[in-house]
Amino acid sequence: LLGKQTAQRVAVFVEGTPIADWTFTNKDKRGQRELTIPLEIIQKKVNDKAPPTLLFEFRPKFHSSPNYLKPSSTDMRPLGLALHSFKIRPVIAAAK
């Protein structure tokens, strides 16, 4: 979280579909987050030539630039989320 910010909300989209809303706070800003991608989104991207490629979007509600926090900085990039690692794993449904 940047400056005096106490929380950050991030909307997560996969292929333009809203999948999750994550909230980060001072006490829980580096914890793991999980989401489940509906099978129909993945199936739309499957073809015979290559594994599916999915577009993930992380849309933070707030952002600040390093310049805002430290006026002597020339860095004007809008920053709102730091992604430290990203893991995709299949979930196997239990047989019915």
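A word on conventions before we start. Residues are numbered from 1 along each chain as its sequence is written. The model is predicted, with local features needing pLDDT of at least 70 and side-chain atom pairs counted only at pLDDT 80 or more, while totals for chains, interfaces and linings use all residues; side-chain values use heavy atoms, leaving out hydrogens and water.

Let's begin with the sheet. It is open, has three strands in the order E2-E1-E3, and pairs in the antiparallel sense. At the edges sit E2 (17–25) and E3 (56–60), each pairing on one side only. From one strand to the next, the twist averages 20°, taking axes as lines fitted to C-alpha atoms and angles from 0 to 180 degrees between N-to-C directions. Strands here are DSSP runs of E with at least two residues, helices are runs of H or I with at least four, and both are numbered from the N terminus. Two strands pair if DSSP finds at least two bridges between them. E1 (residues 7–14) and E2 share eight antiparallel bridges, and Ala11 stands opposite Asp21 in E2.

On to the salt bridges, meaning a side-chain nitrogen of Lys or Arg within 4 Å of a carboxyl oxygen of Asp or Glu. The structure holds four. One of them joins Glu15 and Lys45, with the closest N and O atoms 3.6 Å apart. This pair links distant parts of the chain: Glu15 is in the loop between E1 and E2, and Lys45 is in helix H1 (residues 39–45), 30 residues apart.

Glu57 and Arg59 form another salt bridge, at 3.0 Å from N to O. Glu57 is partly exposed at 25%, and Arg59 is partly exposed at 40%.

Last, the lining of the largest pocket. A pocket is an open set of points on a 1 Å grid over the protein atoms alone, where a 1.4 Å probe fits, with protein on both sides within 12 Å along at least five of seven lines; lining residues have an atom within 4 Å of a point. The lining has 39 residues, and Trp22, Arg33, Glu34, Phe86 and Lys87 lie nearest the centre. E2, H1 and E3 each give two or more residues to that lining.

Terms used. Buried means under 20% relative accessible area, exposed over 50%, partly exposed in between (1.4 Å probe, protein chains only).
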